[in-house]
Structures are given as structure tokens and as C-alpha cells.
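Thanks for making the time this morning.

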Amino acid sequence: MSIAFITGGAGAIGRACARSLVSDGWRVALADIDGDELQRVAVDLGKENIADIFILDATDFDAVHAAVKNTAETNGGLNGLVTAAGGLRYIPGAKDAPFTETAPESWDRLIEVHLNAVYYACHATLPIFYECGGGAIVNIASAAGLRGGPPHLRQQNASVYSAAKAGVIALTQSIAQEAGSRGVRANSVAPGRVESRTKSWDEMQRMQKEEDARLAGSGRLPPLGRFGRAADVGEAVTFLMSERAVFITGACLDVSGGIRLH
Amino acid sequence: MALALITGAASLMGEGIALALAARGWNLMLTDIDEAGARSVAAGLPKVDRLEIARMDVTDRARVRAVVEETAAHFGAIDALVNCAGGLRGLGLKPKPLAELPPDEWRRVIDVNLKGVLNVVHAVLPVMKAQRRGAIVSIAASRGLRGGRNAAHYSAAKAGIIVFTQTMVLECAEYGVRINSIAPGNAEARWKTSDDGATAAPLGRPTSAEDIGKAVAWLVSDDAAHVTGACIDVSGGTTLY
């Protein structure tokens, strides 16, 4: 049976990835900073589908390494990694301001969480994949990382976040080039505006109305006519992790409902 | 005459940029962590009206702010900013596969290449906003466009620069400031030897510092008055192969 390690496993995207991977036959090890929520997700997914859970901060290099190693040891190997830790919940004031009005100190945490932490998890996992003869990585990037785009009026206020996510895409491309000959595939996905643990689906609908009321068009929807559900991202991740994507590596799959085209 | 502030001016690419701008009549503020290196670059430049040199480590936020403030006060304006400080081997680090890359090396490359650009842009933009004009060019890399073997950290940082540049377009445009990036590939550097295989580029030769200097000179000039948010590939076609 295939085992996947998921960072940010208690977040909306992380748990959607877990749910989708489980229904595709994977067992999952979940890591998250929020222990209570992690327990709930584990119960929800069913004990038999959980390889392990770890309460940790994805920016703790040593903790991530220990958890990944532990997962591989207790489960006889490791085949997958999904890095879904991120979001702006733990970085007050980091978003929603023009770059010149942000405090440089806020960038450190922003880059640590969204870019460096992805390296930590990949760095912990790759040697184990090499020992196991291969594996699949999917890093959660963002449509913001594909271009300084849309909705442009919002991304303007998320320039460092966008830069970090662009870094995730290039990091993934680098791994694809380095590790391909050793049976490792590495891809990323780029969600657009999607529900999260801090922004529920209902809240997003309200937000869109408010934005449109404030500035016509600023809350506009992607071409597919709705915001993203976490499950949309989970399905894309599961596809990239699966044998169905056996010849796909270095890709960044846009799961934004086309919002990037605006 | 207009003033350009260059970071990483002691590097070969920084020198190429300084030469190109000096030849076009720009006044120069040359900054580098290696002040002596910046001085020797300055000694080889054609004569310009005004030129100053300052030691500046782009990861030292307080120092960056101080140098930018002094530059604005001394020259009266900062018309162009060229972010050239960065690199991997130039920092004394060796390319490594990600699985063998220690966290201190990862952070160092991100801090210098990506945060360095953020630090300097953040310090310079208020000056450009106040004068309601300016042009910013940041040196990214072809690896920022497609990733690169044994350089995941460098690739990530450079990709970050490209997208950061794009996201800054509106904020800059509001004040008449343009912001672009350049993606060199196979570029010559002081630490490179001639047998580094750089001639594999479709155009048959490595990218010279002069090539980069000319591209920068164009982007900061009025000839590029309607160009912003762009990333210009100056790699002799290497990026595609």
C-alpha cells in the first residue's frame, strides 16, 4: 500500500488531498500545527487510512525530518509527499497591503512558511524516496505564483506571497530535473481563490459580494463561474500523485477555474 | 543627469551594467558587499559627471535603508535601480542536489537573491514615488523560468524575483515607475572558467556582461517607456534548451 506524507494536513486543502488520496487507495500521514483539528481530520478519514499524525510546525526543519523518517520506518517506506502547509493564518498583517506598506520583518515569516518549509519537507523526503526506488511529490503553489496575476487588484497586495509561490514552482521544476532518473516525479498545483481553514465557502461568497460592491469587478469569479473548493485541488493532487500521471513531472497544474486568465 | 543605483556592482555582470549605463551618460551609485571590487569597477569606467561607491550588503536592511537615503540626498533623485546582487557560486557556495543541500545554504541563497531584491526595492520605492518617476530592473535567471538541476534554491529565488516584479506593476505604475526583470542564462562570471560549456547556447557563445548591460540600459531608458512587468530572456536562447 502507498503511503503519503501531507504537511498542513488539517487545513482545507490538506484534508481534501488526504480524503482524495485515501479514496484512491493511499494511506496518509498527516502533519499540522493545529493538533485539535488534526485529530478531527484523522477521525473523519478513518483510523485504518491514517498511517500516523504529527503535531508540528512545518517550518521546524528538525521536526519535519523526524516525522518523515518516522513515517517511513513505521510503515515500511514512503511513496508520496504533499506540501499543503501554508496560508496566511499565522502571519498577521502579511497580506492585503501594498508592498511599500508592508514591514520587511513580515516577509521573513511569509517566505519561511510558503517557500522554505517546502524545501524542508522535500529535503526530508527525497533521500527516503531514493531508498524506496522512487516516489511522487506534489507541492501546493498558487495561481499567484504563475504570474503576478489575478485578480490583479488583489495580488498587487500579495507580492511577497506571490514571489514565494513562484519559488515553489521553480523548486519543484528543479527537483523534477534532479530526481527524475531516480524514479521521483515532482509537480505542483496552482489553486486560485479557494476555500481554506480560515475562509469558509460561505465566507468567500460574502467576500465576493462585498468586493464587487466596493470596486466593480474586483470580486470577479473565474471563467468557470465559482470559486475553488478544496476538493478541486485534492482531485488534481491525487491525479498527479497516481500512476495515471506516470509520465508527468515538473508540471504546474493550474486549478484556478481559469482565474489566472483574467 | 539621471542617477542609477546598482547593487552587486563589483560582479562581472554589475560591471557590464555600469559600463553600459556610463557609456549612455548615467551618473552612478555603485554598491557592493565588496567595496574594493566596486572601486576597481569604477576605475575602469568611462568618465561620468558623478559617481559614488558604497559598501552595501543587500541582506542588511538597516544598511540598505541608510545607503538609499544617502544616495537620494546626495544626488537629489534615484532615477533607476538595478538589482544585480545575488548568485550562487559567487557567494562561495557550490551547486548541490536538493537532498544534499543544508538548510543554512538554502536560506543564504534565498536571503541574498530574493530578500535582497525585496529589501532594496522597499527602500528605493518611496524615493521614486515621491519624485513620480523611476525604473527598476532586477537580474533574475533563466533557471527562474524553468528550474535547474543542483540549484533549487537559486532557481526558486530567481523565479520569485520574476513574479514579484509582475505583482509590483500596478503599485509602481501609480507613481510613474516601471519595473522589469532580466533572465540571463549561460552568463559569464568572474568565477567561471572558459571551459564551462557555455558555448552550447543556440547563438554559439556565452552571454556576456555587455549583453546584460545593454538590456538593462534599454529597460531603464525612455525607449522602454511602455515596458513594465516584463522578464526579458537574455540567454542566447539557452533557456529553451
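Let me start with Leu115(A), which, once its neighbours within four places in sequence are left aside, is in contact with Leu110(A), Ala164(A), Gly167(A), Val168(A) and Leu171(A) in its own chain, and with Trp106(B), Ile110(B), Leu114(B) and Ala156(B) from chain B. Please keep in mind that this is a predicted model.

Leu115(A) and Trp106(B) are the residues with the most contacts inside the largest nonpolar core, which has 93 residues. The element that gives the most to this core is helix H4 of chain A, residues 104-132, with 16 residues. Another core, of 34 residues, lies apart from it and includes Ile6(B), Ile17(B), Leu21(B) and Val48(B).

Turning to helix packing in chain B, H4(B), residues 103-131, packs against H6(B) at an angle of about 15°, with the axes 8 Å apart. Since angles under 35 degrees count as roughly parallel, that makes H4(B) roughly parallel to H6(B), and their crossing is right-handed. Among the residues that meet here are Trp106(B), Ile110(B) and Leu114(B) from H4(B), and Ala156(B), Gly160(B) and Phe164(B) from H6(B). Sorted by class, this contact has 13 nonpolar, three polar and two charged residues.

Finally, a word on backbone geometry: most residues other than glycine have a negative phi. Asn150(B), however, has a positive phi of about 60°, and sits in the loop between helix H5 (143-146) and helix H6 (152-167) of chain B. Asn186(B) also has a positive phi, of about 60°, and lies in the loop between strand E6 (177-184) and helix H8 (209-220) of chain B.

Key
Residues numbered from 1 in each chain as written. Chains lettered and ligands numbered in written order. Predicted model: local features only at pLDDT ≥ 70, side-chain atom pairs only at ≥ 80, totals over all residues. Heavy atoms only, no water. Helix = DSSP H or I, 4+ residues; strand = E, 2+ residues; numbered from the N terminus. Core = buried A, V, L, I, M, F, W, Y, C linked by side-chain atoms within 4.5 Å. Buried < 20%, exposed > 50% of the residue type's maximum accessible area, 1.4 Å probe, protein only. Contact = heavy atoms within 4.5 Å. Axes fitted to C-alpha atoms, helices over the stretch in contact; angles between N-to-C directions. Parallel < 35°, antiparallel > 145°, perpendicular 65-115°, else oblique. Left-handed = near helix turned anticlockwise from the far one by under 90°. Nonpolar A, V, L, I, M, F, W, Y, C, P; charged D, E, K, R; others polar.
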